[in-house]
Amino acid sequence: MLHHTRGRSRSGWARAALVATTLTISFAIPASATHSVPHDPEVFWDNDVDGIAEASDSIVRYQKGGGGWTTAKTNRVTEAFATWNNNTDFNPSLVASSVNVIYIDGSPAVACGWQDWSEPPPGTIAVNCVKYTIRGSYYQITNSKIYLNEVQYSFSWATGTPASGLFDGRGIVTHETGHSVLLVDLYGAGNCPPGPTMCGLVGKPESYNLRSLTADDISAANSVYLP
Ligand SMILES: [Ca+2]
Ligand SMILES: [Ca+2]
Ligand SMILES: [Zn+2]
């Protein structure tokens, strides 16, 4: 989930409220101040359903959904996934269809599991609804759906920095993709902004910084599929 900073004023109350909201949708696992990986019990995609997190599970296929798919938007989304693929052991890749779906859509979307939103909540730039099945000692992620709130906010799909007044689509999608392996949102000084891609509170210019992963993002994602 990614929240919008409202100008330069970020009151303690607003911050607290945002954290509370985040805990609700972030799988009820508190955000660590220093690391974005929360897994206890282990939570991972498990393509062969053998209860073991391994390299073959790290390849998660996604497809596009909804409308508004310009070439630029497609390219920026592809680049966002490639950033995780190229830098971590989490390897999302684009295919036409798959049981493991990352559905990216700017329009009002279908219900979102435990949070029965018809669209991203107001004030939320994007949300990733991750569904998992409890399998004894671990949770198997079965579905991840990224919703972009293109109803309330305007996104840039430009190659470079976004124009004034726009959020950087590629940066936003890069952030949301981290939630697909249940990395949690980070807040507070040292985390954002600038900070890890998993910073959960950004303004429009800062959203561009989410494109590149920090050491924390990388180690958090890698810890999913490495012992
Ligand atoms: Ca496995
Ligand atoms: Ca990789
Ligand atoms: Zn988030």
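Y132 stands opposite I141 in strand β6. Strands and helices here are DSSP runs, numbered from the N terminus: E, at least two residues, for strands, and H or I, at least four residues, for helices. The model is predicted, with local features needing pLDDT of at least 70 and side-chain atom pairs counting only at pLDDT 80 or more, while totals for chains, interfaces and linings use all residues. Residues are numbered from 1 along each chain as its sequence is written, and chains are lettered from A and ligands numbered from 1 in the order in which they are written.

Strand β5 (residues 124-135) runs antiparallel to β6, and ten bridges join the two. Two strands pair if DSSP finds at least two bridges between them. In the hairpin that β5 and β6 form, two residues lie between the strands, and G136 has a positive phi near 60 degrees. Strand β2 (residues 42-45) also pairs with β6, in the parallel sense, over four bridges. Here F44 is opposite Q140 of β6.

Is β6 itself mostly covered or mostly exposed? Strand β6 (residues 138-148) is mostly covered, with eight of its eleven residues buried. A residue is buried if 20 or more other C-beta atoms, placed from the backbone, lie within 10 Å of its own, exposed if 12 or fewer do, and partly exposed in between.

Helix α2 (residues 71-87) packs against α3 at an angle of about 40 degrees, and their axes are 8 Å apart. Axes are lines fitted to C-alpha atoms, for helices over the stretch in contact, and angles run from 0 to 180 degrees between N-to-C directions. The two helices are therefore oblique to each other; angles under 35 degrees count as roughly parallel, over 145 as roughly antiparallel, 65 to 115 as roughly perpendicular and the rest as oblique.

In α2, the residues K73, R76, V77, E79, A80, F81, T83 and W84 meet G169, R170, V173, T174 and T177 of α3. Contact requires C-beta atoms, placed from the backbone, within 7 Å.

## The whole protein

The protein has four helices and nine strands. Their order along the sequence is β-α-β-β-α-β-β-β-β-β-α-β-α. Of the 227 residues in the protein, 44% are buried. Among contacts with a separation of 6 or more, 67% join residues 24 or more positions apart.

Key. Two residues are in contact if their C-beta atoms, placed from the backbone, lie within 7 Å.
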